[in-house]
Amino acid sequence: MSNAPLNVLLIGSGGREHALAWKLAQSPRMGRLFAVPGNPGIGHEACLTALDPYDFPSVVRFCGENQIALVVVGPEAPLVAGLADALRAAGIAVFGPSKAAAALEGSKGFTKDLCIEAGIPTAAYRRFAEAESAKAYLREVGAPIVVKADGIAAGKGVVVATTLDEALEAVDACFGGAFGAAGAEVVIEALLVGEEASFFAICDGRTAISFGAAQDHKRVGDGDTGPNTGGMGAYSPAPVIDAAMEERVMAEIIRPTVAALAARGTPFSGVLFAGLMITEKGPELIEYNVRFGDPECQVLMLRLESDLLEILLAAAEGRLEGVTPRWRDEAALTVVMAAKGYPGDYRKGTPIEGIDDAEALPGVTVFQAGTAQKSLQLVAHGGRVLNVSATGATIAEAQARAYAGVDAIRWDDGFCRRDIGWRAIGR
C-alpha cells in the first residue's frame, strides 16, 4: 500500500464536521483537506470551498480537478439525495452510503420493516399515510406512545407522548406540515423503557467494525426537561455499553442489518449510527442514522487514537476486515453552547469571544458549529453554535474541564445545560 499524501474533500458545516476535519488533519497521509461549505473553525484545518453539495456534477468535477482521493460526507441529507452514488459512478472513493442504503435514515418506516425482515429487536410499530387512521389507532392503544415523522426532520420529528392528547397533536403536526415532506407518513411505536445510548459501527458493505459508544442529551433543559433538540451535549465511553453489551449489539443489530442490506443488493458503506434503548431484555433499536452523531462525533474524535483517514479510506475501498480502531483510555465530554431561544426562534450575528482562552485550559478543545466570520469578529450563525469539549481521566474530570471552558467563553447570547454527563457521574 502506498503512503503517498491524499487529498480529501469533507462535506458539511457543523460541529461534527469540525471534529472530523480536526481529526483527519492529524493523519500523516493528509495532503490537502478541502471542506464544503465548512465554517470558520473548519477553516483552521481545511481550505473552504464554495460548492453546492447537491450539484453532483460540480462536486465530481471539483474532485477531478483537485485529485481528491476520498470524499467524506458529514450530514445525512446529501446522502439521502444520492451524492455517494454520483461519486462512485465517477470512480471516486466516498465514505457514506448509497441513496438506497441511506433510506435507513431517510425513512423510519423502511428501517422498521427491515428490522422485522432481519429479526432485529425493536419496538412494535404501525405505519400510517393519513391522520384519521393514525388517530383511531392511538385511541385504541392509548399513551404513553411514540409518534415519529417518517423522514428527516433534523432530530426534531419524534414526540414521546405521555398523554393521548399529546399523541394526537403530534399526528396533526406531522400531517399538518410541521416537518415538511418528512411528515408525509407517520410511524407510531410502543415506548421502550430503559437507558438510551448511541452506538457506532463503520461498514464497507460486507464487514462491520465497532466504532465506540456515547450518550447524548436530547432535551434542551437541565434534568432532561423541555423540548427535544439536535443534542445539547454528549460523553464517551457510555458506561451502559460494556464489552459484553457491545458484542450483543454487533451480533443482534449491526451485523444482521449489514447482511440484510447486502442481500437486497444495496450494501451499506459508511457509518451506521444506532440509537439504542438498553432494556431489561437487552439492546433494542430505536432508529438508525447513516452519519456520525452530532455531538457524539466530537467526543469519539477526541478519544480516537487511530488514524481516522486510514479507517474511512478502508471502509470506502471495501477492505475493513482486520481493522481494529485504537482508543485512548481517557473519557471525553462535550457541552453544546446554543443561542438563547433555541430550539425555537433565536438571533443570529451576536459576537463570540474567548475561544482561545478556553482552548488554553488543560484538555479543552472547542469545535465550532453554527458560526460565521463578520469582518474579523466571530459571530453566532445558528441554533447550536459551539461544542466546548474536554478529555479527562474520568467523565467527572472531563465534565469539570469542559465547563471551565464554557466559563472562559464570552457570548452574552449563549446558554448551555449545566448537567451534561449526569447519568455517568451518578453511577
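At what angle do helix α1 (residues 15-24) and helix α11 (residues 308-316) pack, and how far apart are their axes? The close-ups below start there, and they come from a predicted model.

**View 1. Helix α1 meets helix α11.** The two helices pack at an angle of about 105°, and their axes lie 8 Å apart. Angles of 65 to 115 degrees count as roughly perpendicular, and α1 and α11 are therefore roughly perpendicular to each other. On the α1 side, look for L20, K23 and L24; they meet L308, L309 and L312 of α11.

**View 2. The partners of β1.** Strand β2 (residues 30-37) runs parallel to β1, and 6 bridges join the two. Within this pair, L9 is found opposite F34 of β2. For V8, the bridge partner in β4 is L70.

**View 3. An open sheet with antiparallel pairing.** Four strands, in the order β6-β9-β7-β8, make up this open sheet, and their pairing is antiparallel. β6 (125-128) and β8 (158-161) are at the edges with a single partner strand each, so one side of each has no neighbour in the sheet. On average, neighbouring strands of the sheet are turned by 20° against each other, direction ignored. Zooming in on one pair, β7 (residues 145-149) and β8 run antiparallel and are joined by 4 bridges. I145 has A161 in β8 as its bridge partner.

**View 4. Helices packed on the sheet.** Helix α7 (residues 131-141) packs on this sheet and touches β6, β7 and β9 (186-189). The direction of α7 makes about 155° with that of β6. Helix α8 (residues 164-175) packs on the sheet as well, touching β6, β7, β8 and β9. Its direction makes about 5° with that of β7.

Note on methods: Residues numbered from 1 in each chain as written. Predicted model: local features only at pLDDT ≥ 70, side-chain atom pairs only at ≥ 80, totals over all residues. Heavy atoms only, no water. Axes fitted to C-alpha atoms, helices over the stretch in contact; angles between N-to-C directions. Parallel < 35°, antiparallel > 145°, perpendicular 65-115°, else oblique. Contact = heavy atoms within 4.5 Å. Pairing = 2+ DSSP bridges.
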